[in-house]
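Here is a briefing on one predicted protein model. Look at the structure first, then read the points by topic.

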Amino acid sequence: MGISEGMDTHELDELAKRMFRIAEKDYPAEAKQFLKQEGNKGRRELRAKTKAVTKKKTGNLLKGIRRTGVQKYNGDFQIRVYNKAPHAHLIEHGHILWINGHNTGRMVPGKHPAATTVKQLKKEFPRDVEGFVDELLSKGLEL
């Protein structure tokens, strides 16, 4: 079980939400493509943040970062970026330090790469939606 952080259309401000819903209804293929691009952007950001906060670079933690396909959930399209590495939760939330099988009693604080990535993407997502809608309008597609 890995760390999972999701982002869906519930996190948009009201105007961007209405614009995206109209685009989603009229142009579902373009909306799915847009969400895939946003998911790829999230995956890149999560990899960069995870790489920046970890010391040991074996690659297994970074290889575990995945993006789901676009799925319909409660009437909304959704995409998730997650880390399936079995030790991802230790980096995200912290853990007790064990050395040579002995509990040292010290706590290693969490680095929170997924949480900080989600905060950053939540800020950028409404602007990206507005750009997506502007692009649809510039192509001559009517909303």
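In helix 2, the buried residues are A31, F34, L35, E38, G39, K41, G42, L46 and T50. They pack against helix 1 (14-26), helix 3, strand 2 (65-67), strand 4 (76-83) and helix 5. The model is predicted, so local features need pLDDT of at least 70.

**Helix 2**

- Helix 2 covers residues 28-53.

- The protein chain holds five helices and six strands.
- Along the sequence, the pattern is β-α-α-α-β-β-β-α-β-β-α.
- The chain has 143 residues, and 34% of them count as buried.
- Among contacts in the chain with a separation of 6 or more, 59% are between residues 24 or more positions apart.
- The accessible surface of the chain is about 9,000 Å². Carbon and sulfur atoms account for 52% of that surface.

**Largest pocket**

- The largest pocket holds about 460 Å³ of space.
- Its lining has 19 residues, and those closest to the pocket centre are V53, T54, K55, K56 and I91.
- Helix 2, helix 3 (60-63), helix 4 (88-93) and strand 6 (102-109) each give two or more residues to this lining.
- The lining residues of the largest pocket comprise seven nonpolar, seven polar and five charged.

**Second largest pocket**

- About 170 Å³ of space lies in the second largest pocket.
- Its lining consists of E30, Q33, F34, Q37, E38, D128, G131, F132, E135, L136 and K139.
- Which elements give two or more residues to this lining? They are helix 2 and helix 5 (113-138).
- By class, the lining of the second largest pocket has three nonpolar, three polar and five charged residues.
- F34 and E38 line this pocket, and both are listed as buried in helix 2.

- H95 sits in strand 5, which runs over residues 94-99.
- Beyond its neighbours within four places in sequence, H95 contacts L90, R106, M107 and V108.
- P109 is 14 residues from H95 in sequence, and the two C-alpha atoms are 6.8 Å apart.

- N100 is not a glycine, yet its phi is positive, at about 50 degrees.
- N100 belongs to the loop between strand 5 and strand 6.
- N100 counts as exposed because its relative accessibility is 73%, and exposed means over 50%.
- H112 is also not a glycine, and its phi is positive at about 55 degrees.
- Where is H112 found? H112 lies in the loop between strand 6 and helix 5.
- With a relative accessible area of 35%, H112 is partly exposed.

How values were computed: Residues are numbered from 1 along each chain as its sequence is written. This is a predicted model: local features need pLDDT of at least 70, side-chain atom pairs count only at pLDDT 80 or more; totals for chains, interfaces and linings use all residues. Side-chain values use heavy atoms; hydrogens and water are left out. On a 1 Å grid over the protein atoms alone, a cavity is a set of points where a 1.4 Å probe fits but cannot get out, and a pocket is an open set with protein on both sides within 12 Å along at least five of seven lines; lining residues have an atom within 4 Å of a point. Grid points are joined across faces, edges and corners, and a volume is the space filled by probe spheres set on the points. Helices (H or I, at least four residues) and strands (E, at least two) are DSSP runs, numbered from the N terminus. Ala, Val, Leu, Ile, Met, Phe, Trp, Tyr, Cys and Pro count as nonpolar, Asp, Glu, Lys and Arg as charged, and the others, Gly among them, as polar. Buried means under 20% relative accessible area, exposed over 50%, partly exposed in between (1.4 Å probe, protein chains only). Contact means heavy atoms within 4.5 Å. Accessible areas come from the Shrake-Rupley method with a 1.4 Å probe; for residues, only the protein chains shown count as cover.
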